[in-house]
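Subject: Model handover and findings

Hello,

Here is the structure we talked about. Please look it over, then read the notes below.

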Amino acid sequence: MTAAVLAVLCAAALLILFPALRKTWYLPKRKGFIALMYHHVAEQNPASPDPFTIAPAMLEKHLVFLKENGYTPVSLKELQEGSPVQKPVMLTFDDGYEDNYKNLFPLLKKHNVPAVIFLVADKIGTPEYMTWDQIREMKNSGLVQFGSHTCSHCRLRNLPDEEIARELVRSKQILEEQLGEPVTAFCYPFGSGGFDKRVRPQVFKAGYLFDFSTKKGVNPWPWNPAKTLLRAFPRGGETLFDYHLQLTRGQSKL
């Protein structure tokens with residue numbers, strides 16, 4: 001066994017035995033635009049913790065942390081304009097769960113923070129998802145903008161071209177008809193594994209300006225439309241130190 005292989009095996013063993021070593025504190029800080037990716041806003045089930053669920057109390061701590069540390073939550077319009085702001089950040093929420101209305105929306109109003117929610121068009125009004133009335137109330141507040149997350153939350157790269165186009169175009173049409181305004185942002189289901197070089201051009205052909213993924217990292221500001229937008233993923237159960245790492249390194253763990 002070579003020394004290099006032995007070193008790799010030892011490093012892997014250390015990461016397994018001591019998970020805290022996976023934290024990214026030692027990576028250099030990166031300046032730019034951070035898009036934060038959330039899903040459920042609800043209390044955790046202690047019996048089966050879910051990384052896609054963040055407790056309302058912790059999310060509120062996140063909002064306070066942003067304000068206290070000089071971050072500027074931005075809207076899609078401000079992202080498009082790329083005007084000079086201090087430490088730009090965007091709160092994004094995938095899927096359009098009903099707890100976004102019940103638990104997230106009051107916090108956004110309390111702290112006057114904008115957010116973007118990506119909706120799965122065919123799931124609106126079904127159990128566990130928001131209704132159109134709730135969505136319109138959030139839109140009318142001026143704090144929440146909505147983007148598309150396809151019609152059926154499918155893995156686009158597995159579909160033929162005509163079905164990809166249907167998922168992109170039809171979801172955009174449904175949202176625009178119900179909201180009465182252009183829908184410019186799209187988020188890929190299944191993140192980095194959900195699209196490829198064949199899929200991405202169709203997003204822009206369908207009329208979207210922005211495409212968000214779950215690839216981790218920090219984006220340039222002003223944004224670069226040639227590249228998909230990276231996002232940081234604050235997980236349920238993480239600490240505020242993890243959140244600091246998400247904001248400054250684009251990820252809290254390797």
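Buried means under 20% relative accessible area, exposed over 50%, and partly exposed in between, with a 1.4 Å probe and protein chains only. Two further conventions apply. This is a predicted model, in which local features need pLDDT of at least 70, side-chain atom pairs count only at pLDDT 80 or more, and totals for chains, interfaces and linings use all residues. Residues are numbered from 1 along each chain as its sequence is written, and side-chain values use heavy atoms, with hydrogens and water left out.

Arg-231 is buried, with a relative accessible area of 1%. Helices (H or I, at least four residues) and strands (E, at least two) are DSSP runs, numbered from the N terminus. Arg-231 sits in the loop between S9 and H8. Its side chain makes a polar contact with the side chain of Thr-92, at 2.9 Å. A polar contact is a pair of N or O atoms within 3.5 Å; within protein, one must be able to donate a hydrogen and the other to accept it, and residues adjacent in sequence count only if both atoms are side-chain atoms.

Pro-222 is also in the loop between strand S9 (210-212) and H8. The peptide bond joining Trp-221 and Pro-222 is cis, with omega about 0°.

**Helix H8**

H8 covers residues 240-249 and is mostly covered: seven of its ten residues are buried. They are Asp-242, Tyr-243, Leu-245, Gln-246, Leu-247, Thr-248 and Arg-249. These buried residues pack against strand S1 (34-38), helix H2 (56-68) and strand S5 (88-95). Contact here means heavy atoms within 4.5 Å. At the start of H8, a side-chain oxygen of Thr-239 comes to within 3.3 Å of the backbone nitrogen of Phe-241. Gly-250 follows H8 and has a positive phi, near 85°.

**Strand S5 and the cores**

Val-89 lies in strand S5. At 0% relative accessibility, Val-89 counts as buried. Leaving out residues up to four places away in sequence, Val-89 touches Phe-33, Ile-34, Leu-36, Leu-66, Tyr-71, Thr-72, Pro-73, Val-74 and Leu-247. Val-89 and Ala-35 are 54 residues apart in sequence, yet 5.7 Å apart in space, C-alpha to C-alpha.

A nonpolar core is a set of buried Ala, Val, Leu, Ile, Met, Phe, Trp, Tyr and Cys residues joined through side-chain atoms within 4.5 Å. The largest has 48 residues; Leu-36, Leu-91, Phe-93, Ile-117, Phe-146, Leu-156 and Leu-247 touch the most other members. Another core, of 15 residues, lies apart from it and includes Met-90, Val-116, Phe-118 and Phe-210.

**Phi values to check**

Most residues other than glycine have a negative phi. Lys-87, in the loop between helix H3 (76-81) and S5, has a positive phi near 50°. At 35% relative accessibility, Lys-87 counts as partly exposed. Asp-95 is in strand S5 and has a positive phi of about 95°. At 7% relative accessibility, Asp-95 counts as buried.

**Pockets and the cavity**

On a 1 Å grid over the protein atoms alone, a cavity is a set of points where a 1.4 Å probe fits but cannot get out; a pocket is an open set with protein on both sides within 12 Å along at least five of seven lines; lining residues have an atom within 4 Å of a point. Grid points are joined across faces, edges and corners, and a volume is the space filled by probe spheres set on the points.

The largest pocket has a volume of about 250 Å³. Its lining has 13 residues, with Arg-30, Tyr-71, Lys-87, Leu-247 and Thr-248 nearest its centre. H8 gives the most to that lining, with three residues.

The second largest pocket holds about 200 Å³ of space. It is lined by 17 residues, and Met-37, His-39, Phe-52, Asp-94 and Thr-214 are the closest to its centre.

Best wishes
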